[in-house]
Amino acid sequence: MTDFQIIVTVVVAVSLVVVLIFDWLDMTVAGLLAVIVLIVFDILSRQDVLSVVDAGGGVLALLLGGMVVARTLVPTGIFDYVGVRFLVLTRGSGKRFLLGLILLIAPVCAFLPNATAVLLLAPVILRVAMALNIDFVGPMILTAIISNSAGMLTLVGDPATFIVGSAMNMTFVEFIRRVSLGGLLTVLVLIPLLPRLMRDTWNVQRDLPADLAPPRLKEPVLGAFALLLLGSMILLFLFGEDLPTRIVPPAVSIIACAVALLIVYAVKVEPVQKVLADIDWKTLIFITSMFVLVQALIKAGFMQTAGNGLYEQFGVNRLGVAFTLLFGIGLLSGVLPNIPLVAASTLMIKGYLVTAQLVPEEALGVGFDTWPITTLPVFVAMMFGGTLGGNATLIGASANIVSGGICAAHGKPVRFVAFLRYGVPVTLAQITIGAIYVLALYYLI
Amino acid sequence: MTALTPRTATWRRLWAVSLIGLGLGLAVVEAHAGETLARVQTLRLLRCGVSDGRIGFSYQDAKGRWAGLDVDFCRAVAAAAVGDADRVRFSSLITTARFPALRSNEIDVLARNTSWTIRREAGLGLQFAGVLYYDGQSFMVRRKGGAQSLAGLKGAKICVVRTTTTEQNLADYFNSRGWKYQAVVVESLDEAAKAFFAGRCVAHTADRSALAAARLNAPGGPGGYIILAGQISKEPLGPVVKRGDEEWLTLLRWTLFATIEAEEQGVTSKNISVKASEKQDVKLMRFLDANGDFAKLLGVKPGWVIRVLTAVGNYGEMFERNLGRGSALKLDRGPNRLWTQGGLMYSPPFQ
């Protein structure tokens, strides 16, 4: 990149964030314009496009599959059914509703892709919120935040967590033994925050009708096939990578998408075209645009510069590096998609560890599996930053963007600043928990 | 989900079309022959990672000008790729920072007296463009009272640089013979030499060329120290690139071959203009790529061989200027002679 192209990239990135903060332009239009500028100034090469596909293709596949499967289930009335069940369990209490969200979403998102889980659970949450006569925007934002936070519960909870964990060859069990407690604490810290952040919802108490009963399910054939598909999809998410022919989650999602459309076509409850028309293409475009922008920023060399700076600034001081990563990546994850960011940061941190002679040069390769335990706080800090930083803003994580898209589709667009009201306090609290956990790891292991 | 109004449906279709358009727009982004070469040519600048100061290979003279065999190689690549040997930005890298710098695209090529090993090439995602200098690890000792052979180093304190193949070779050689030794591990060649001259160890182990360079700055002059005969390792030093850009690797590889082939055909920086006019010598004309056929294949401007040789000369000239008789090191060519003279330097045919 020339210096001019680097300047253009920075101007585009900053402008996009400013435009979104002040809500001057539709976020998707703004994202598309940013990409166009990058193309016009010859900032993107074919290799960059491949990198974008590499980094973002999986996320987009997960989203598209989740959207199609969730939409396929709509005519069956299953969301009304589960929604009423959930409503009964709330006993009309906003407090029970919000706490129920944590209990419902955290375990699901510890294993399933966040945005997909949000897509599947959103219709239920909307129904309960409407039945309780409360504004659904807050609970939908909370849904996204819980889903992101739960990403630290298991190795597969969030792509960012998985990227960092895989980089140091951490197993599922090792993750649970060394990191999950920190993830659990970041979920639990939401509970004392809820009465303040969502006071109106927290204090709601409605009288529910005494004869409240779940509606009957409709379209039994469609329902049976769609639920079978959903069950298979979840099983493949969990075990697909252990099959002789490895099926990764994005592939599972695309397979499920294709099968769902086949079911829709076969049962003839509604046209395939109508299902596809309901897909949130706007969200998919925006997320693609953000991946392109991050690739341009990586290409501009900011990550490399940061890597060099770490060694020059901190030498072999792992704690200093860990905190810098926690806060730095946390901050960046708030305005940029965390997956490409964390992928680039992983490379950067490996470079730092080799330069600082904390690991041998073989650690730069993919086959290295003897990471010293002393490097764990650095990697865990990256996980916390990458996974939790996205909670701060509307565009910080795909689950947030999806939640915002769902709210907009139901007549209540979420403004950037409105999201900050919930996101910033939560992120500050969670990053603080993360810092304490990293500190504990540093001194205790 | 709520029913769609016609207006909403229209918008969704529009967004869907936009997504397809975005994909197509990105897909038609211009395809370059090689990402690195394209970047180097666009910026008209080669970013070359070199050592933090090693006489003979890469160091800055009193006026701040870079010199050395590795430096010459980078200048040759710049001459081939962008047409100007001076369009190189040298980045001085400590040993441990060299591979991270390459992996993170901070540099386009690493020419930093780096040994070609299977672990590095297969494990680190790197590729070596060839061998620029066949070196070998040996030991420097004091002339008076020092060991006279490798066996004389049993039980000795030996200065060695951390996290290098040198450190591993030392351990392998001594352990395989059941010899005891005490490694005094330091961070750089400079520190190793200082520790040795200060008496912290009785021997300093490194590549022969590095020992010869260190000896130049020995207190009391180089005459007080000897480099033991024999070597304990093969150290084929060569330029390295990141794996995945074959076009770039090919250009670097054939730039190196061009300097070797030039020596074999008797073309030097001094006679290149005369040789280039000898149109009747078909083999020579083909090597000099008079028609620009190879240039087209490599993605560079015609005349690249002439530019390379004009800028740095043939391999023999590069060697003698930086390491051989014309240099302070006065090293023998040894295995770095041409294959026609019993050495290992060999270029595949320019055909």
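A residue counts as buried when 20 or more other C-beta atoms lie within 10 Å of its own. Keep that in mind for the views below, which come from a predicted model.

**View 1. Strand β9 of chain B sits mostly inside.** Of the five residues of β9(B), four are buried, so the strand is largely enclosed by the rest of the structure. Look for residues 157-161 of chain B: this is β9, and five bridges join it to β10(B), with the two strands running parallel.

**View 2. Zooming out from β9 shows an open sheet of five strands in chain B.** Reading across, the order is β10-β9-β11-β8-β12, and the pairing is mixed. Which strands are at the edges? They are β10 (182-186) and β12 (225-227) of chain B, each of which pairs on one side only. Going from one strand to the next, the twist averages 30°.

**View 3. Two helices lie across the strands of chain B.** Helix α7, made of residues 189-197 of chain B, lies across β8 (137-142), β9, β10 and β11 (203-207). Its direction makes an angle of about 160° with β9(B). Then there is helix α8 (residues 208-216) of chain B, which lies across β8, β11 and β12. Helix α8 of chain B runs at about 125° to β11(B).

**View 4. Tyr173 of chain B lies in a helix.** The helix is α6, residues 165-176 of chain B. Is Tyr173(B) buried or partly exposed? It has 18 C-beta neighbours inside 10 Å, so it counts as partly exposed. Now find Ser233(B): it is 60 residues from Tyr173(B) in sequence, yet their C-alpha atoms are 8.6 Å apart in space.

**View 5. Chain B is divided into two domains.** Domain 1 takes in 35-134 + 237-341, while domain 2 is 137-233. Their C-alpha centres lie 30 Å apart. Where the domains of chain B touch, 14 residues of domain 1 are in contact with 11 residues of domain 2. What kinds of residues does domain 1 of chain B bring to that contact? Its side has seven nonpolar, five polar and two charged residues.

**View 6. Over in chain A, the secondary structure is helices without strands.** The tally for chain A is 22 helices and zero strands. Its radius of gyration is 22 Å, close to the 22 Å that the globule rule gives for 445 residues, so chain A is as compact as a globular protein of that length. Along its principal axes, the C-alpha trace of chain A spans about 70 × 50 × 50 Å. Of the 445 residues in this chain, 55% count as buried. Take the contacts in chain A with a separation of 6 or more: 82% of them are between residues 24 or more positions apart.

**View 7. Two loop residues of chain A have a positive phi without being glycine.** Start with Asp42(A), where phi is near 60°. Asp42(A) is in the loop between α2 (27-40) and α3 (46-73) of chain A. With 14 other C-beta atoms within 10 Å, Asp42(A) is partly exposed. Next comes Arg91(A), with a phi of about 50°. You'll find Arg91(A) in the loop between α4 (78-90) and α5 (94-109) of chain A. Arg91(A) is partly exposed too, with 13 other C-beta atoms within 10 Å.

Notes:
Residues are numbered from 1 along each chain as its sequence is written. Chains are lettered from A and ligands numbered from 1 in the order in which they are written. This is a predicted model: local features need pLDDT of at least 70, side-chain atom pairs count only at pLDDT 80 or more; totals for chains, interfaces and linings use all residues. Domain bounds come from an automatic or database domain assignment. Two residues are in contact if their C-beta atoms, placed from the backbone, lie within 7 Å. Ala, Val, Leu, Ile, Met, Phe, Trp, Tyr, Cys and Pro count as nonpolar, Asp, Glu, Lys and Arg as charged, and the others, Gly among them, as polar. Two strands pair if DSSP finds at least two bridges between them. Axes are lines fitted to C-alpha atoms, for helices over the stretch in contact, and angles run from 0 to 180 degrees between N-to-C directions. The radius of gyration is taken over C-alpha atoms; the globule rule is 2.2 Å times the number of residues to the power 0.38. A residue is buried if 20 or more other C-beta atoms lie within 10 Å of its own, exposed if 12 or fewer, and partly exposed in between; C-beta atoms are placed from the backbone.
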